[in-house]
Amino acid sequence: MVLTLTMWRRSLCASFRGFGCRIGGPKGIWISHAVRTCSAPAVPAGRITALQAVNLWKRYFEEKGVTEPEQSSQYIVAHLLGAKTIESLEAERLTDFLSREKTEQVWKLCTRRLSGMPVQYVIEEWDFRDLTLKMRPPVFIPRPETEELVELVLTDLQMKTETQAGADTELTCLEVGCGSGAISLSLLKSLHQLKAFALDQSQDAVALTTENALRLRLQDRLQIYHIDVMRDAETVLSHCSPVSALVSNPPYLFSEDMTALEPEILRFEDHAALDGGKDGLKVIKQILTLAPQILSHHGRVYLEVDPRHPPLIQQWVEVNVEELQYIETRHDITGRPRFCILQKEK
């Protein structure tokens, strides 16, 4: 059973809104204001409660201009107490005194947040749909739009399994640019008959996807490769085909937009996961060029793109990749054209 859109949007989208993520903007990019380097307050000599720690750091974040000060302190303290949110903790947990060790951990993580580091990196994990994934810089942090992309792919693949009930057909998927493994691992968790390939040009991303697959016990159905799709096309074809679906949240920012990114993005996240070249289509065109050789008959490509891209992609494919048919454009939760679906026809 696929997790309903309402359930995961309520939790995840609210969380991302709480940390400066512009849902509906280019690649859900962070737009938090720059935070100047600040020294942290001294660890208190006496004992304090969890609630006191939350309020103290909330005030300090406010004073130093950290965005979303209350949510930041709440998420960090809740994480250290083994919870997802402050609201999920029992009242007595909040009024209990923290141990000296726990207090020092709060100060350590809040000091990282003070530097402008995204909370996902500070607490080193984040929820994506029904998974909790490890996170660390510089691997790209998955945004809520990508959860919608997974939902599209799942819906199609589940329909395919229903129409092929009883047939000896194996479902396979390739994710190009796996990052933390969010897309592949979500698909594998929801479809037990699916096997997947995942690749990324970043060794950091490959290592993190491998770690997340092991933690979720999905490694037996996922093959992960350190491959640059722009440089190693033949390797991609030899290792990762044929597949039923090719899915990607590729770098799709226009290069000129990179100059407008906030310092937090430029400092912490992998530029190669963001910059899609002059028109934002550099990697997308390579994926689409290779797709007919990777996909099985009637296999589909699912892409997350910039809202300006769908008509450009449709026009380009019609001229350059005759084996692919542009099926449709889907909109994200904000109503922007965000996803492209194409199908191999010849």
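User: What is the relative accessible area of Arg100?
Analyst: Arg100 has 44%, so Arg100 is partly exposed. Buried means under 20% relative accessible area, exposed over 50%, and partly exposed is in between (1.4 Å probe, protein chains only). This is a predicted model, where local features need pLDDT of at least 70, side-chain atom pairs count only at pLDDT 80 or more, and totals for chains, interfaces and linings use all residues. Residues are numbered from 1 along each chain as its sequence is written, and side-chain values use heavy atoms, with hydrogens and water left out.

User: Which residue forms a salt bridge with Arg100?
Analyst: Glu104 does, with the closest N and O atoms 3.6 Å apart. A salt bridge puts a side-chain nitrogen of Lys or Arg within 4 Å of a carboxyl oxygen of Asp or Glu. Both residues lie in helix H5 (residues 100-114), about one turn apart. Helices (H or I, at least four residues) and strands (E, at least two) are DSSP runs, numbered from the N terminus.

User: How many salt bridges are in the whole structure?
Analyst: The search finds 15. One of them joins Glu151 and Arg129, at 3.1 Å between the closest N and O atoms. That pair links distant parts of the chain, 22 residues apart.

User: Is Arg129 buried or exposed?
Analyst: Arg129 is buried, at 5%. Glu151 is buried too, at 13%.

User: New topic. How many residues has the largest nonpolar core?
Analyst: It has 62. Such a core is a set of buried Ala, Val, Leu, Ile, Met, Phe, Trp, Tyr and Cys residues joined through side-chain atoms within 4.5 Å. Val106 is among those with the most contacts inside it.
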